[in-house]
Amino acid sequence: MVAVRVLLLLGVLLFFVAEVSSDLKKKEDADVVVHLGQLVVRSGIRRLMQDIDCGGLCKQRCSVHSRPNLCNRACGTCCVRCKCVPPGTSGNRDLCGSCYTDMTTHGNRTKCP
């Protein structure tokens, strides 16, 4: 009878410990936030990631584009994925590396402006 009570008590303690650890994992997952137009990253690896203002950089990059809304949308996607926006309003794509230059649309056109 005493053994059953001890086992039941251990089971309840194990349940609460598992519940607390799963709550910690949920909190860690909730710390990563990405806003459209601006990348905001909050997590334990924040120091390893570069903080970059995608909204402002893309607005500057697409300022003289013939279709600025389309350019801003594509630039924002590329900025969030590659963490880079080339300087100037056109060209200089090589400065962001292969992530930026190799990204294509479904029609195999270059995606990043």
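Because the model is predicted, local features need pLDDT of at least 70 and side-chain atom pairs count only at pLDDT 80 or more, whereas totals for chains, interfaces and linings use all residues. Residues are numbered from 1 along each chain as its sequence is written, and side-chain values use heavy atoms, with hydrogens and water left out.

Begin with the chain in cartoon form. It contains 4 helices and 0 strands, in the order α-α-α-α along the sequence; helices (H or I, at least four residues) and strands (E, at least two) are DSSP runs numbered from the N terminus.

Next, display the surface. The accessible area of the chain is about 8,700 Å², with 59% belonging to carbon and sulfur atoms; such areas come from the Shrake-Rupley method with a 1.4 Å probe, and for residues only the protein chains shown count as cover. Of the 113 residues, 20% are buried (under 20% relative accessible area, 1.4 Å probe, protein chains only).

Now select Ile 52, Cys 54, Cys 58, Cys 62, Cys 71, Cys 75, Cys 79 and Val 85, the 8 residues of the largest nonpolar core. A nonpolar core is a set of buried Ala, Val, Leu, Ile, Met, Phe, Trp, Tyr and Cys residues joined through side-chain atoms within 4.5 Å. Helix 2 (54-61) and helix 3 (68-82) each supply at least two residues of this core, and helix 3 gives the most, with 3 residues.

Apart from this core lies another, of 7 residues, including Cys 82, Cys 84, Cys 96 and Tyr 100.

Finally, centre on Cys 71. Leaving aside residues up to four places away in sequence, Cys 71 touches Cys 62, His 65 and Pro 113 (contact: heavy atoms within 4.5 Å).

Notes
Buried < 20%, exposed > 50% of the residue type's maximum accessible area, 1.4 Å probe, protein only.
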